[in-house]
Amino acid sequence: AFQSLPPDFKGKMIVGEIISKDVLFRAGIEKADALAAVTNDDALNAVVAHIAQTLYGVKHVVVRNYDPDFRPLLESFNLQVISPNSWGAQRIQEMILHADIQTIFSTGNGEVEIYEISIPDGWAGKRLADLLSSPEVIFVSIARAGHAFLPKSDCKIEKGDVVYVSSTCAGIEALRDRLANGGGK
């Protein structure tokens, strides 16, 4: 089933065999700025993405990947890969193991993520800078009583605050350890 496209959508939807030269030209491949290869077939996505990059010089190519064993091949072509299965499994694991810190956005292949952190009560009254546990953690915003703001390092944490950070995996583990130490005791 087709989803309706937003009114400001500037792309084209073309029906046909995706690797057909005629279909690619009707889609405007030679002038395309970006291409998303999102069929249900990893091999077909790889071929279309590789053709777009190498033959037509499309700069931004993203490929959907289902089979984790196929991902290294896609990455060997320097393609940006979105893998709903891998992402879903990772999210389930995070939600079970780390209910206090949730990933809300992932960049690249997950090397840097944006996290939502419910601050434990023991940290109320302390400065945000006291939470800093690693140079690989950047504070993005604080949500307090339904309103968000950009924090300064001397900002005091209040009970019920939700803090958003950008971090690597190592950084978030260090922050998890810092939070667990009971308010910096």
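**View A. Pairing of β1 with β2.** Four bridges connect β1 and strand β2 (residues 60-64), and the two run parallel. Strands are DSSP runs of E with at least two residues, helices are runs of H or I with at least four, and both are numbered from the N terminus; two strands pair if DSSP finds at least two bridges between them. A34 stands opposite H60 in β2. The model is predicted: local features need pLDDT of at least 70, side-chain atom pairs count only at pLDDT 80 or more, and totals for chains, interfaces and linings use all residues. Residues are numbered from 1 along each chain as its sequence is written, and side-chain values use heavy atoms, with hydrogens and water left out.

**View B. The open sheet.** The sheet consists of three strands in the order β1-β2-β3, with parallel pairing. Because β1 (34-37) and β3 (80-82) are the edge strands, each with a single partner strand, one side of each has no neighbour in the sheet. Neighbouring strands are turned by 20° against each other on average, direction ignored; axes are lines fitted to C-alpha atoms, for helices over the stretch in contact, and angles run from 0 to 180 degrees between N-to-C directions.

View C. S167 belongs to strand β8 (residues 162-168). Its relative accessibility is 2%, so S167 counts as buried (under 20% relative accessible area, 1.4 Å probe, protein chains only). Leaving aside neighbours within four places in sequence, S167 is in contact (heavy atoms within 4.5 Å) with E111, V112, E113, Y115, E136, V137 and I172. A polar atom of the S167 side chain lies 2.9 Å from the backbone nitrogen of I172.

Methods
Buried < 20%, exposed > 50% of the residue type's maximum accessible area, 1.4 Å probe, protein only. Polar contact = N/O pair within 3.5 Å; in protein donor to acceptor, adjacent residues only side chain to side chain.
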